[in-house]
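Visitor: I would like to learn how to read the features of a model like this one. Could you take me through it step by step?

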Amino acid sequence: MNNSQYEFGMVGLGVMGRNLLLNMADHGISVIGLDLDPEKAAALEAEAGAGKPVRGTTSAEDFVKSIRRPRALMLLVPAGKPVDAAINSLLPLLEPGDIIVDGGNSYFPDTDRRVVGLADKGIHFFGMGISGGEKGARFGPSMMPGGNREAYERLRPIFEAVAAKVNGEPCVTYLGNGSAGNYVKMVHNGIEYGVMQLIAETYDLLKRGFGFSDEELQSVFQGWNQTELQSFLIEITGEILQKTDEVTGKRLVSMISDRARSKGTGKWTSQNAMDLQVPVPSIDMAVLMRDMSKYKEERVEAAKLLPNHTFETGINTGKQEIVSQMQNAFYFAMVSTYAQGMAQLRVASEAYNYGLQLQEVAKIWRGGCIIRAVCLEDFRQAYEKNSELPNLLLDPKVGKDLLDRQQDTRTILKLAIDKGIPMPAFMASLSYFDAYRSETLPTNLIQAQRDYFGAHTYERVDQEGIFHTQWS
């Protein structure tokens with residue numbers, strides 16, 4: 001192709017960048033990729049095949065000149081300093097009106113800084129979360145862009161073409177100002193942390209607590225994926241539990257270390273929720289349990305010194321009944337976790353002037369992304385009926401779904417407590433539900449204590465104003 005005819009450019013031709021470009025090419029969009037590694041640049045064209053409007057280059061000048069104006073290009077490089085380095089290397093070649101999209105998991109304050117700094121030079125900067133992994137990038141991810149609304153029109157046809165589709169609707173939409181896209185992706189990942197922890201706790205209770213075999217566990221999760229629990233994470237759990245280790249012949253999952261790793265987005269969600277004073281206890285516990293997993297040597301020693309003795313539960317249930325109760329408990333805790341994340345998005349939208357529409361967020365999460373699940377359609381409908389809904393628990397249908405399942409949730413947790421199986425994310429999910437629906441909380445006593453030792457004052461239930469008491 002001649003210069004200046006490519007619709008879109010990609011900086012960084014690793015797995016995600018290459019797959020996203022190939023996805024675009026499959027939809028007839030002409031694309032050019034830039035990578036300093038000549039092998040990656042050549043591999044892009046080879047993988048696309050003859051006749052596809054795809055080119056790879058190692059020259060930044062060639063790359064920028066080959067994209068039609070106003071230029072639209074994406075960075076898929078590691079978050080942090082590499083993003084700034086890539087921007088600085090391209091900036092002398094760009095012109096006012098050009099658009100840079102950061103497709104990585106950048107921390108949202110960094111995105112805000114870049115939006116402001118580049119706006120002074122006439123460049124539009126977008127932070128866009130992309131979810132779905134390698135396969136999603138290649139065949140249809142969920143994408144969460146935020147930035148200048150008018151500039152988004154240059155990107156919209158491209159993103160809508162390559163995004164995952166649910167009922168013919170693309171799983172991408174303009175989300176809001178500034179760092180809205182990166183913020184929504186951050187909370188997406190926080191919810192992801194929470195749901196993954198809930199699945200792990202379910203696996204642990206059934207396996208250690210009730211002696212389910214690997215085959216039985218695999219059957220449970222595969223069966224659940226045909227119910228209201230249908231979701232990407234439940235689906236892949238069934239597949240993971242089926243995989244056999246080629247070395248030992250055992251189920252591969254049992255040969256994997258229990259030291260968990262993370263890239264920080266879950267922690268960012270928890271930290272920022274505390275800044276905004278939004279409770280997200282299920283997500284907090286998921287982050288903390290990944291931290292706990294790192295203390296392997298101490299846990300091994302503690303297991304010797306503090307042996308687990310199962311207490312009599314007084315509840316006699318067969319495996320089939322346990323699976324049924326566990327299914328209800330998981331649904332309860334999962335919805336509670338989503339509700340916490342969506343509540344955080346609502347408060348953040350007001351605090352940071354994003355202008356988020358939560359119906360649209362739920363809509364684009366229905367397909368392509370890691371936390372896609374059939375329940376998201378219920379959430380979309382809840383926000384469609386009431387765009388000002390402060391919490392999903394206040395939607396009549398969602399609330400009733402949890403009320404109908406709370407007894408099984410409590411039963412499961414009683415069993416876990418007596419068996420000594422930790423289920424902190426489940427407990428946090430139930431406690432969130434109980435606290436949110438409590439007309440009164442015991443924080444009146446905390447206010448009295450604060451006033452006692454620090455003269456921090458308090459409010460009264462029967463009078464307006466601020467009060468202080470000499471307690472002793």
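Guide: Gladly. Helix 9 and helix 10 are roughly antiparallel to each other, in what is a predicted model. Their axes come within 8 Å and cross at roughly 155°, and an angle over 145 degrees counts as roughly antiparallel.

Visitor: Which hand does the crossing of helix 9 and helix 10 have?

Guide: Helix 9 passes helix 10 in a left-handed crossing. On the helix 9 side the contact is made by Leu217, Gln218, Phe221, Gln222 and Trp224. Helix 10 contributes Ile234, Thr237, Gly238, Leu241 and Gln242.

Visitor: How should I read the spacing of such residues?

Guide: An α-helix has 3.6 residues a turn, so residues three or four places apart point the same way. By residue type, the contact of helix 9 with helix 10 divides into five nonpolar, five polar and no charged.

Visitor: Which residues of helix 10 are buried, and against what do they pack?

Guide: Phe232, Leu233, Ile234, Thr237, Gly238 and Leu241 are the buried residues of helix 10. They pack against helix 8, helix 9 and helix 14 (319–352).

Visitor: Let us take helix 8, then. At what angle do helix 8 and helix 10 pack?

Guide: The angle between helix 8 (residues 180–209) and helix 10 is about 40°, and their axes are 11 Å apart. Helix 8 and helix 10 are therefore oblique to each other. The crossing of helix 8 past helix 10 is right-handed. From helix 8 come Glu192, Val195, Met196, Ile199 and Tyr203, which meet Leu233, Ile234, Thr237 and Leu241 of helix 10. This contact divides into seven nonpolar residues, one polar and one charged.

Visitor: How do helix 8 and helix 12 lie to each other?

Guide: Helix 8 and helix 12 are roughly perpendicular to each other. Helix 12 (residues 281–293) packs on helix 8 at an angle of about 70°, with the axes 8 Å apart. Gly190, Ile191, Tyr193, Gly194, Met196 and Gln197 in helix 8 face Ser282, Ile283, Ala286, Val287, Met289 and Arg290 in helix 12. Sorted by type, the residues of this contact are seven nonpolar, four polar and one charged.

Visitor: Now the strands, please. What should I look for in a sheet?

Guide: Strands of a sheet pair through backbone hydrogen bonds, either parallel or antiparallel. In this structure, seven strands form an open sheet in the order 3-2-1-4-5-6-7, with mixed pairing. Strand 3 (54–57) and strand 7 (142–146) stand at the edges with a single partner strand each, so one side of each is left without a neighbour in the sheet. From one strand to the next, the twist averages 25°.

Visitor: How is strand 2 joined to strand 1 and to strand 3?

Guide: Strand 1 (residues 8–11) and strand 2 run parallel and are joined by four bridges, with Met10 partnered by Gly33. Strand 2 and strand 3 also pair in the parallel sense, over four bridges, and there Ile32 stands opposite Arg55.

Visitor: Are the faces of strand 2 covered or uncovered?

Guide: In a regular strand the side chains alternate between the two faces of the sheet. For strand 2 (residues 31–34), Val31 and Gly33 lie on one side and Ile32 and Leu34 on the other. All four are buried, and both faces are covered. Helix 2 (residues 38–48) lies across strand 2 and strand 3, at about 165° to strand 3.

Visitor: Which helix packs on strand 5 and strand 6?

Guide: Helix 5 (residues 108–119) touches strand 5 (99–102) and strand 6 (124–131), and its direction makes about 150° with that of strand 6. Strand 5 and strand 6 run parallel, joined by four bridges, and Val101 has Phe126 as its bridge partner. Seven of the eight residues of strand 6 are buried, so this strand is largely enclosed by the rest of the structure.

How values were computed. Residues numbered from 1 in each chain as written. Predicted model: local features only at pLDDT ≥ 70, side-chain atom pairs only at ≥ 80, totals over all residues. Heavy atoms only, no water. Axes fitted to C-alpha atoms, helices over the stretch in contact; angles between N-to-C directions. Helix = DSSP H or I, 4+ residues; strand = E, 2+ residues; numbered from the N terminus. Parallel < 35°, antiparallel > 145°, perpendicular 65-115°, else oblique. Left-handed = near helix turned anticlockwise from the far one by under 90°. Contact = heavy atoms within 4.5 Å. Nonpolar A, V, L, I, M, F, W, Y, C, P; charged D, E, K, R; others polar. Buried < 20%, exposed > 50% of the residue type's maximum accessible area, 1.4 Å probe, protein only. Pairing = 2+ DSSP bridges.
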